Amino acid sequence: MPGQTPLRIAVAQTNPTVGDFAGNLRIAEQAFRDAERLQAQLLVFPELSLCGYYPGDLLNDAAFIREAERALAELAELSRRFPGIVVIAGLPQTRSGPGKPLHNSLLALANGQVLAAYHKQLLPTYNIFDERRHFEPGPATAASIEVAGYKVGLMICEDGWNDAANDYPVNPYQALAAIGPDLVVSINASPSNIGKRDQRHRIIAGAAQRHRLPILYVNQVGGQDSIVFDGASFGVNADGTLAFELPAFEAAVEPVEFSAGVFHGVGSGQPLPEPEFVVRHILMGLRDYARRCGFQQVVVGSSGGIDSALTIALAAEALGPDNVIAVTMPSEYSSAGSVTDSQLLCDALGVRLLTHPIREQVAAFKAQFQASFAAPLAGLPLENLQARIRGTVLMAYSNQFGALVLTTGNKSEISVGYCTLYGDTNGGLGLIGDLYKTEVYGLAGYLNRRAGRPLIPESILIKEPSAELAFDQKDTDSLPPYPVLDEILKLLIEGDLLAEAEYRRACDFVSDYRHSAEGEAVFQRIGRMVTRNEYKRRQAPPIIRVRPRAFGAGRQMPIAAKY
């Protein structure tokens, strides 16, 4: 009889690597050991835990699917070795008939046998998701298993997000409620971004309350390319109250008990303050990207400005200062502070600073250009030349010493194309490319307060932003002040995906600004700049996604269009 003896669950908030079946199985084996130690009867992994989320077009590779099938056989063997534990895991499964050849599936196994299979019904194809490209929806039916006398309903990620039936014609909660489970287990690979935790809790808790269904929400953790998963797995009781939450950005196997319709034994997590959330999000993204791509060190061009300073500070915390190389590359237009502030920064962080002046390279290029094309280099071509020489130096360092080049552009500059192709856009990963310039300043100040000392020197925080590609150049020569620009960009790029309060602030600010003398003209110009510079963003390296809509897969716009 449910409620007499608690159901003991091991929540496996794991960090799988896409395509690393052997490594993911090692993670699974350790989780089984932990579950046995915790005397758990049910072990739950995230969505597509055997292959990692998201495999993309690897799912079209027959060898990849064969590896997934072999991994399933090994998982079944693990379940034989740990009798008494029912395991729930996610993987792609082949299917027959018309449509896509695969399901995004959940399998429940015990003692080497499959107890139940459930196939994801709702396949997201918005923002960064493209699951319908590879998977066929599962049938609109419910599935459940019995564990220690408890009826456990099964669900996969997106299936739990459509209780209002606004996005899909099917609402999987209806079929689940009809079979009356004691508990629903949902396995997830839910990406992290600012505001996502509150959104998850609101949607899942609301559905739990409406259908009187306790829900266990198990989420993946880790960085995969530009996407970061925060974990933060949680449980909500049937009345919609949050019963527990695991820490964000940490892999863990934690026990939770369930009886009499409620969860017991695990404390509820507290939300991270937004600046700390952003820091941990970026740190995890860089660590996993570097580890999975085989990089030990990173190299960053240090201009003495705020963007490179924040990038270097974050990299030093993520990888350790000994694994971060900063390179200052002064030209004839560089201020004295570009070098001295870089040195102050690197001294404070314990990062090695190397100097590679570019004056001679710029002069030689100018002379040869004049000789070859009978035209002098000046103005914008000369400005871009300096950025491209710096990009070449950093890529040469990367080739010679094997360090990953980190780009330093922020979202404000990337939005309007205030960057140079094959120059400051060079590199393998951008840490702050989804942070607006005002957020860059805010995060830099937060790092200083958090450390209790000026990691990023005050001289960098207070200097007027400049690309320093011409004499006395300032960003405001080409752009409105960043507090104005950023509010405009938030509306143009993210719109109603913003958190409600942030959206209202942006709407109110931009509405007032557009009624000012120059406001409407500036607003229209910024819109044209965003549209015109899509070609640059298409050629830029991946950036760690932090906000609800990031450039890349989350914002797919045409280049050659008139709109």
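Analyst: In this predicted model, the second largest cavity is lined by Thr14, Pro16, Asn24, Ile27, Ala28, Phe45, Ser49, Leu50, Leu75 and Ala89, and the space it holds amounts to about 70 Å³. Helix H1, which runs over residues 21-37, gives the most to this lining, with three residues. Sorted by class, the lining of the second largest cavity has seven nonpolar and three polar residues, and no charged ones.

Two elements, helix H10 (411-416) and helix H16 (534-538), each give two or more residues to the lining of the largest cavity. By class, this lining has five nonpolar, three polar and four charged residues, whereas that of the second largest cavity has no charged residues.

Turning to the local sites, Asn162 is found in the loop between strand S7 (150-156) and helix H3 (172-179). Asn162 counts as buried because its relative accessibility is 1%, under the 20% cut-off for that class. A polar atom of the Asn162 side chain lies 2.7 Å from the backbone oxygen of Val170.

Another loop residue, Ser303, is placed between strand S16 (298-301) and helix H6 (306-319). With a relative accessible area of 43%, Ser303 is partly exposed, because this value falls between the 20% and 50% limits. The side chain of Ser303 reaches the backbone nitrogen of Gly305 at 3.1 Å, and, with neighbours within four places in sequence again set aside, Ser303 is in contact with Ser308, Ser338 and Ser342. The C-alpha atom of Ser303 is separated by 41 Å from that of Pro124, a residue 179 places away along the chain.

Finally, helix H8 covers residues 359-373, and its 15 residues reach 21 Å from the first C-alpha to the last, close to the 21 Å expected at 1.5 Å a residue. Just after H8, Ala374 takes a positive phi of about 55°.

Technical notes
Residues numbered from 1 in each chain as written. Predicted model: local features only at pLDDT ≥ 70, side-chain atom pairs only at ≥ 80, totals over all residues. Heavy atoms only, no water. Helix = DSSP H or I, 4+ residues; strand = E, 2+ residues; numbered from the N terminus. Nonpolar A, V, L, I, M, F, W, Y, C, P; charged D, E, K, R; others polar. 1 Å grid on protein atoms, 1.4 Å probe; cavity = no way out; pocket = protein on both sides within 12 Å on 5 of 7 lines; lining within 4 Å. Points joined across faces, edges and corners; volume = space filled by probe spheres on them. Expected span 1.5 Å × (residues − 1). Buried < 20%, exposed > 50% of the residue type's maximum accessible area, 1.4 Å probe, protein only. Polar contact = N/O pair within 3.5 Å; in protein donor to acceptor, adjacent residues only side chain to side chain. Contact = heavy atoms within 4.5 Å.
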